[in-house]
Amino acid sequence: DMGTAIADYTDPELIQTYSDRVTELQRKNRCLLLNTMTSQGFAPFYGEWWHFSYGDKEWAAYYERARAIYCTADTKPVVKEYSIAEGNNTSLLKADKWNGQEVNRRACESILEYSNDADQAGIYYSDINQLVMSGGEFCGNAAAATACMLGQDNSTFKVSGLRGATHVRVRQKSDNQSEVTARFDDMLFSKTKRRIRGRNVDIIEFQGISHILLLGDLPRNYMDEARLIISEVDLSTASAIGVVWYMKLSGSCAKINPVVWVCDIDTFYYESACGSGSMAAAIALSVTTIVQPTNESINVAIENNTITTRSDVTNRVRFEPSNR
C-alpha cells in the first residue's frame with residue numbers, strides 16, 4: 001500500500017514521495033522503495049513516488065554527473081543496399097554497439113521488411129569491428145559490400161562465421177560501382193565426396209557455411225530438391241548450407257546455380273550470385289573464374305587457408321526505415 005495507484009494524478013500533493021498526508025505504513029513502504037532503488041543507482045523524482053530513472057538527464061543531475069549515459073535514439077538508420085556481380089542484393093546497416101545475436105537477428109528481419117528484393121541482411125558493428133549476418137553465417141558477398149559501405153580503400157574487419165580477419169581493397173570503377181578484392185585469412189575448410197540420391201557430390205565445409213556441389217543444370221523444383229539433399233547430409237553444426245548445381249566450362253571456369261538455407265532463421269534463397277559458393281566451386285573443381293547466374297563472374301584464388309575473391313559491387317539504393 002503506497003497511498004495511491006501508480007500514475008494516479010488525482011491529488012498532486014499525495015503522490016509526492018514525502019507527502020505528509022500518507023499513513024505511517026504507506027510512508028515506510030515508500031521509503032523502502034526509495035532506499036532499494038537508490039541503492040542500485042537509480043535516481044528518484046520526488047514529485048511522483050513511483051518515478052525513478054537511470055542514465056538520463058534527471059539521473060545525471062541527481063548524482064552530479066557531467067553528462068547522461070543515454071541520448072535520443074536515432075529512429076531512422078540509413079540502410080544501404082548493394083548487388084555483387086550484378087546479383088545477390090544485400091542490405092547493410094552500420095551500428096555502434098553489439099547487443100547479441102538475438103537483437104541482431106531481429107534488426108536484420110526489420111531491415112528486410114523494408115528491402116523487398118534483398119536476399120540477405122547484415123549489420124556492421126563498429127565497437128567490435130565485425131559484420132554479423134542475420135543468422136550468424138559467413139557471407140563472402142556481404143563482406144565485399146561492407147568494404148564499400150565503410151568507404152575506405154583498404155580496411156580490415158571480422159565477418160561472422162569466420163575465425164580469421166578479412167582484408168579488403170576497393171577500386172572505384174564508376175560513381176556507383178567498385179571492384180572489391182577481399183582476402184579471408186584462416187579460411188579453414190574440408191573437402192569430402194559423397195553419393196547422395198544416386199549422384200556423386202562434393203561437400204565443402206567452411207566455418208560459417210557448408211556447400212554441397214553437384215553436376216548438372218538447376219532443376220525446375222530446385223527448392224524441394226535442395227531440401228531433400230540437405231536432409232541426407234549431416235551438417236548439423238553449419239550456420240548455413242548451400243546446394244550448388246554447376247557446369248564446368250572451358251579453361252579454368254565454371255558456372256554455378258546456388259540455393260542457400262540459413263539454418264537459424266530458416267530461409268531458403270536462390271542466390272543470383274554467391275561468394276562462398278564460388279569459393280566452394282573453386283576448391284572442388286580447381287577453377288578460378290566462377291560465372292554467376294547473372295552471367296557476371298567472381299574470381300577466386302586459394303593459397304593454403306587463405307582465400308581471395310574479386311568481384312564488382314554496385315551501390316544500388318539507400319533508404320531510411322521510418323520509426324523502427
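Visitor: Which residue forms a salt bridge with lysine 193, and how far apart are the closest N and O atoms?

Guide: In this predicted model, lysine 193 is paired with aspartate 202, and the closest N and O atoms of that salt bridge lie 2.6 Å apart.

Visitor: Are those two buried or exposed?

Guide: Lysine 193 counts as exposed, because its relative accessibility is 63%, whereas aspartate 202, at 6% relative accessibility, counts as buried.

Visitor: OK, and how many salt bridges are there in the whole structure?

Guide: Searching the whole structure gives 14 salt bridges. One that links distant parts of the chain joins glutamate 81 to arginine 316, with an N to O distance of 2.3 Å between their side chains.

Visitor: Where do glutamate 81 and arginine 316 sit in the chain?

Guide: Glutamate 81 belongs to strand 3, which covers residues 79-84, and arginine 316 belongs to strand 18, which covers residues 306-319, so that pair is 235 residues apart.

Visitor: Which of the classes, buried, partly exposed or exposed, do they fall in?

Guide: Glutamate 81 is classed as buried because its relative accessibility is 2%, while arginine 316, with 34%, is classed as partly exposed.

Visitor: Switching topic, what does arginine 171 pair with?

Guide: Arginine 171 forms a salt bridge with glutamate 179, where the closest N and O atoms are 3.4 Å apart. Glutamate 179 has a relative accessible area of 18% and is therefore buried, whereas arginine 171 reaches 45% and counts as partly exposed.

Visitor: Which residues are linked in a network of salt bridges?

Guide: A network of salt bridges links Glu102, Arg105, Arg106 and Glu109.

Key. Residues numbered from 1 in each chain as written. Predicted model: local features only at pLDDT ≥ 70, side-chain atom pairs only at ≥ 80, totals over all residues. Heavy atoms only, no water. Salt bridge = Lys/Arg side-chain N within 4 Å of Asp/Glu carboxyl O. Helix = DSSP H or I, 4+ residues; strand = E, 2+ residues; numbered from the N terminus. Buried < 20%, exposed > 50% of the residue type's maximum accessible area, 1.4 Å probe, protein only.
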